[in-house]
Amino acid sequence: MSTIAAGTTTTNALVSTGDTTGALVLQTNGTTTAVTIDTSQNVTFVNSANLPNTFGFKNRIINGAMIFDQRNAGASGTATGYTVDRWAYYGAVASKGTWQQNAGSVTPPAGYTNYLGFTSSSAYTVGASENFQIYQFIEGYNSADLGFGAAGASTVTLSFWVRSSLTGTFGGALLNSAANRSYPFTYSISSANTWEQKSITIAGDTSGTWLTTTGVGIQVNFGLGVGSTLSGTAGAWASALYVSATGATSVVGTNGATWYVTGVQLEKGSTATSFDVRPYGTELFLCQRYYWSKALETSYSSIASGAMITTSIARMNVVYPTKMRTSPTITTSNIGNSIISTGLDLNPSGTFTAYINTTSAMMDIDTPATGTVGRGAVWIFGATATTLAASAEL
Amino acid sequence: MYKQTINSFGGEPTSVIRLSDGACIPFAQDNTDYQEYLKWVAEGNTPEPAEGA
């Protein structure tokens, strides 16, 4: 016999007990079945299920598992700029630390294969207006639905795995594009050199201007050493530029200190749910909206095709992997090693002019003046260390 | 430092070359490198003329 009874604890306020053989059925609109829980505890929704934090594509962070490192391919760096895809480092003073995918080669948390690491290279005392940080800019299109900047802004939860050689209270912040609205937060690391999962729930900001298209929607920032001027009270929105919380541990303050992070997720709602594991190719596509590079994959990789428009200019149509956030900056390295194949192979001189849009670029590549006007051409990378890259980062 | 480019289709140039790395920067408002270029120009700097200009 089925019963419905008041619960006995605060976590089961109402208990519905089925009989020993049948399913539990919830009905709406009279006797219309809405949900069935069978005897094997499988749940069936007759219509759609609205569970906003449960399904895929809930994470506003791209490359939160630090899988893709198109720029550096695992190499370390010390400069301000992009580290692994979508994640940037800023250091107010040069050479105070090294960033690297999988720095220190420790075992990542279960379920992960990569992380982003930072290692301090000195015991630097951070100035009041100086900051060192790892951050990601979330594009406005990917945060617009959160409704920041108006009444009803959604609560969000930031979760991540972190490991440090230091213990104590660490800090970070969420900011808007203009960096005049910020929410400093803290998290504690209790055991040195041990992965710990953290989550911070943040009430959506109902003030300020938050961009909702191709600009910076939300900046997610982890402080590695932030001066007092750029640090604020944790747990509250402020109309100020704060990139971390007051009193947070300075990683750059200890020579050799390490700080590693992975599994970063920013999602709608007040609960940290499981990490949003997206298909490998899909996550790469998401990264390539902001940056992609083509390099030699095998002996002779075709990059683009086109034709000789003069005896010394090959016009190549370079098609991007995906539509980019904006028309990207195009860079090359060692294209003198590449080949313009027209029947007669030509080696580019190394200079080019490009006509760039968000889906493709027409590149006029300078060659020796031995080409034949009108002849079709294929651009080939035939040697190592040749790259073509496009950046539309925020 | 930057260098202007020539628009082979005629009209105004659509990009500028960053001399430090040879990057071609499109004149796109949302491009952060273009924003840096505009800041550089606003500081009173002038790009080198395009080759053949």
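Modeller: Chain A has an open sheet of seven strands, ordered β24-β23-β27-β20-β21-β26-β25, with antiparallel pairing. This is a predicted model, where local features need pLDDT of at least 70, side-chain atom pairs count only at pLDDT 80 or more, and totals for chains, interfaces and linings use all residues. Residues are numbered from 1 along each chain as its sequence is written, and side-chain values use heavy atoms, without hydrogens and water.

Colleague: What makes β24 and β25 of chain A edge strands?

Modeller: Each has a single partner strand, so one side of β24 (345-346) and of β25 (352-356) is left without a neighbour in the sheet.

Colleague: Why are β23 and β27 of chain A called a pair?

Modeller: Pairing requires that DSSP finds at least two bridges between two strands. β23 (residues 339-341) and β27 (residues 376-381) of chain A have three bridges, in the antiparallel sense, so they pair. Ser341(A) stands opposite Val378(A) in β27(A).

Colleague: How do you know that Tyr187(A) touches Trp259(A)?

Modeller: Contact means heavy atoms within 4.5 Å, and the list for Tyr187(A), which leaves out residues up to four places away in sequence, includes Trp259(A) and Phe222(A). Of the 42 residues in the largest nonpolar core, Leu174(A), Tyr187(A), Phe222(A) and Trp259(A) touch the most other members.

Terms used: Chains lettered and ligands numbered in written order. Helix = DSSP H or I, 4+ residues; strand = E, 2+ residues; numbered from the N terminus. Core = buried A, V, L, I, M, F, W, Y, C linked by side-chain atoms within 4.5 Å. Buried < 20%, exposed > 50% of the residue type's maximum accessible area, 1.4 Å probe, protein only.
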